Amino acid sequence: MINEDGEFPLKGRIANDQVTIVWSVPEAGKLMELTMKGKLSGDTITGTLQVGQVGEGPLSARRTAE
């Protein structure tokens, strides 16, 4: 994962159509873990994103052509 704070390694797994990706980003001087869980369907993942202890919300991601 690359953002304005730098580059951060991802850990993940795919089991059938279920995708889990975990990474950490700096927040207030500490690392905060983010966990994405979703269902893969074609070029789209829909599911949830857990943001540390802050909360959870809906997430969707779509593969785009390069």
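This is a predicted model: local features need pLDDT of at least 70, side-chain atom pairs count only at pLDDT 80 or more; totals for chains, interfaces and linings use all residues.

Student: Where is N16 found?

Tutor: N16 belongs to the loop between β3 and β4. Its backbone deserves a look too, as N16 has a positive phi, near 55°, and is a residue other than glycine.

Student: And what about A28, what is its phi?

Tutor: A28 is not a glycine either, yet its phi is positive, at about 55°. You'll find A28 in the loop between β4 and β5. A28 is exposed, with 77% relative accessible area.

Student: Okay, zooming out. How many helices and strands are there in the protein?

Tutor: Zero helices and seven strands. Along the sequence, that reads β-β-β-β-β-β-β.

Student: What box do the C-alpha atoms fill?

Tutor: Roughly 40 × 30 × 20 Å, taken along the principal axes.

Student: And what share of the residues counts as buried?

Tutor: Of the 66 residues, 24% count as buried. The exposed surface comes to about 5,200 Å², and carbon and sulfur atoms supply 52% of that.

Student: Now electrostatics. How many salt bridges does the structure hold?

Tutor: Two. One joins the side chains of K39 and D17, at 3.8 Å from N to O. K39 sits in strand β5 (residues 30–41), while D17 is in the loop between β3 (11–15) and β4 (18–27), so this pair ties together parts 22 residues apart in sequence.

Student: Are K39 and D17 buried, exposed or partly exposed?

Tutor: K39 is partly exposed, at 43% relative accessibility. D17 is partly exposed as well, with a relative accessible area of 27%.

Student: Which residue forms a salt bridge with D43?

Tutor: That's R63, and the closest N and O atoms of D43 and R63 are 3.2 Å apart. D43 is in the loop between β5 and β6 (44–51), and R63 is in the segment after β7 (55–62), so the pair ties together parts that are 20 residues apart in sequence.

Student: How accessible are D43 and R63?

Tutor: D43 has a relative accessible area of 42%, so it is partly exposed. R63 is at 59% relative accessibility and counts as exposed, because the cut-off for exposed is over 50%.

Student: While we're on charges, how far apart are the mean positions of the positive and negative ones?

Tutor: They are 8 Å apart, taking the 7 positive and 9 negative charges of the protein.

Student: Let's switch to strand pairing. How do β6 and β7 run?

Tutor: β6 and β7 run antiparallel, with eight bridges joining them. Q50, for instance, has E56 in β7 as its bridge partner. The two strands form a hairpin with three residues between them, and G52 in the turn has a positive phi of about 50°.

Student: Which residues is L59 in contact with?

Tutor: L59 lies in strand β7. Setting aside neighbours within four places in sequence, L59 is in contact with M36, I45, T46, G47, T48 and L49. As for G38, which is 21 residues from L59 along the chain, the C-alpha atoms of the two are separated by 8.0 Å.

Student: Is T20 buried or exposed?

Tutor: T20 is at 12% relative accessibility, so it counts as buried, the cut-off being under 20%. T20 is part of strand β4. Beyond the neighbours within four places in sequence, its contacts are K11, G12, R13, T35, M36 and K37.

Student: One more: how far is the C-alpha atom of A15 from that of K39?

Tutor: Those C-alpha atoms are separated by 9.8 Å, with A15 and K39 being 24 residues apart along the chain. A15 is in strand β3. A15 is partly exposed, with a relative accessible area of 43%.

Student: Great, thanks!

Definitions and conventions: Residues are numbered from 1 along each chain as its sequence is written. Side-chain values use heavy atoms; hydrogens and water are left out. A salt bridge is a side-chain nitrogen of Lys or Arg within 4 Å of a carboxyl oxygen of Asp or Glu. Helices (H or I, at least four residues) and strands (E, at least two) are DSSP runs, numbered from the N terminus. Buried means under 20% relative accessible area, exposed over 50%, partly exposed in between (1.4 Å probe, protein chains only). Two strands pair if DSSP finds at least two bridges between them. Accessible areas come from the Shrake-Rupley method with a 1.4 Å probe; for residues, only the protein chains shown count as cover. Lys and Arg count as positive and Asp and Glu as negative; His and the chain ends are not counted. The place of a charge is taken as NZ of Lys, CZ of Arg, CG of Asp or CD of Glu. Contact means heavy atoms within 4.5 Å.
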